[in-house]
Amino acid sequence: MGNILQKYRKMSVQVRASFWFLICSFLQKGISSITTPIFTRLLTTDEYGQYGAFNSWLGIITIFVTLNLFYGVYTQGLVKFEEERAVYSSSLQGLTLTMCLAWTAVYLPFRDFFNRFFSLTTVQMLAMLVMIWSTAAFNFWAAEQRVTYSYRLLVILTLLVSAAKPAVGIFFVIHAEDKVTARILGLALVELVGYSGLFIVQMIRGKVFYSGRFWRYAVLFNLPLVPHYLSQTVLASADRIMIRDLVGRSEAGIYNLAYQISLLMTLFNTALSQTLSPWIYQKIKAGRAKEVSRIAFLAMGLIACANLLLMLLAPEAVAIFAPKAYYNAIYVIPPVSMSVFFMFSYDLFAKFEFYFEKTSFIMVASVAGALLNLVTNYIFIQKYGYYAAGYTTLFCYLVYAGGHYLMMNRVCDRYMDGIRPFPAGQYWTLALAFMAAGFVLLFTYQSRILRYGLILAVIILAVIFRERVKEVVRSLADIRKAGKKK
């Protein structure tokens with residue numbers, strides 16, 4: 001233990017901060033996932049479907065209300081306007097609050113129309129607007145902490161809020177008749193109490209609510225990116241809303257559980273992406289992008305294996321996370337888990353587009369994927385039920401990754417002498433083999449003996465090839481260290 005602490009103290013502040021920021025991400029998603037079994041037992045499938053639809057609308061409406069100003073433009077501005085960082089932060093907090101109040105003023109006179117359109121109540125809509133503002137206030141503050149490598153307060157606050165959300169939510173749900181609204185109000189209350197002080201802190205520090213220069217800069221920078229942000233959110237959320245409206249709330253609840261379980265694997269996506277991002281950018285800058293291939297394919301292989309393991313254990317996962325009423329969720333997990341692989345893939349491809357600032361390429365691929373998702377969902381959910389949404393999601397993310405692959409190649413042709421950092425033959429062989437294995441596992445759900453035999457085989461293979469796995473993990477760890485040193 002003492003040796004571990006000694007090594008930790010020798011780490012640079014950048015490496016320690018990176019480690020704790022990753023821990024924050026795991027805390028936020030991990031605690032939410034751990035408490036899912038409690039809420040699936042407190043809420044019926046119908047109520048869980050309503051709650052899932054609320055979260056989907058929350059993601060979409062947030063983009064319109066805030067323009068996602070707390071994303072790229074804010075982080076870039078913290079570096080670009082380093083000497084005016086405090087003023088920049090307070091002015092963007094002021095802009096976001098102004099937009100939230102303006103949209104609230106638009107909503108209130110026409111609340112009956114909006115309530116019918118979103119299938120939400122006035123209380124739920126107002127709670128959503130509170131959550132949009134408070135979460136934005138936190139994201140501004142958290143981004144500043146990351147840029148300055150100030151991780152201690154961020155970790156403490158993340159832990160407290162992540163623990164308080166389910167605790168308050170459980171109390172509210174148990175003592176309420178309208179359990180969906182109670183769950184939403186619990187989240188809104190915790191975020192309001194936990195995050196509103198961060199708005200005050202940045203306002204006191206910057207002392208500027210309105211800055212025409214910074215407001216104009218932020219809006220003009222992020223406005224063209226709204227279609228991209230919106231497309232990503234639609235691609236991830238539209239299916240749950242459409243299942244609720246086209247099939248039923250109960251079916252939306254079952255699908256929502258399968259989706260949440262499958263997205264647990266995105267924790268690995270985040271960890272590997274944060275590891276590879278600086279290293280890939282360094283290789284591109286040095287003109288050595290061909291060297292990306294081997295490590296990137298190893299990372300893709302790890303993501304594929306992690307998702308295949310989840311598919312193999314899908315019946316047990318659903319049994320842990322929810323009662324028998326949700327059992328059919330097991331048949332949605334395989335296609336959605338396969339989608340996670342393509343989410344990771346397109347992120348790797350898009351790094352080349354981001355490096356050369358080809359945001360128009362990113363927007364084209366994103367919008368095309370989102371529109372395809374809406375069309376295929378509308379057609380196939382009505383025809384085959386909520387199961388179809390899992391397969392339309394897989395198909396659309398496959399097309400989405402393919403679109404970014406083509407755009408990446410265009411960037412490479414234009415700026416990198418036509419090199420191919422991800423040879424098509426290798427990538428599509430891996431992707432198709434992964435999908436074939438996933439569909440085979442789907443058919444094992446009817447035979448416990450066969451499935452448990454496969455689980456035993458996986459354990460044996462893991463023991464046999466444990467040194468190879470350790471070697472891959474060490475390679476990724478070395479890349480992370482190298483990236484931080486530079």
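**Stop one: a buried aspartate**

Select Asp239 to begin: with 0% relative accessibility, Asp239 counts as buried (under 20% relative accessible area, with over 50% being exposed and anything in between partly exposed, using a 1.4 Å probe and protein chains only). Before going on, know that this is a predicted model, where local features need pLDDT of at least 70, side-chain atom pairs count only at pLDDT 80 or more, and totals for chains, interfaces and linings use all residues. Residues are numbered from 1 along each chain as its sequence is written, and side-chain values use heavy atoms, with hydrogens and water left out.

Asp239 sits in helix α11, residues 226–246 (helices are DSSP runs of H or I, at least four residues, numbered from the N terminus).

**Stop two: the core**

Now pick Phe342, one of the residues touching the most other members of the largest nonpolar core, which has 108 residues. Such a core is a set of buried Ala, Val, Leu, Ile, Met, Phe, Trp, Tyr and Cys residues joined through side-chain atoms within 4.5 Å. Apart from it lies another core of 22 residues, including Leu78 and Phe81.

**Stop three: a bent helix**

Finally, show α9, residues 179–206. Around Val193, α9 bends by about 30°, the angle between axes fitted to the seven residues ending there and the seven starting there.

Terms used. Helices (H or I, at least four residues) and strands (E, at least two) are DSSP runs, numbered from the N terminus. The expected span of a helix is 1.5 Å times one less than its number of residues.
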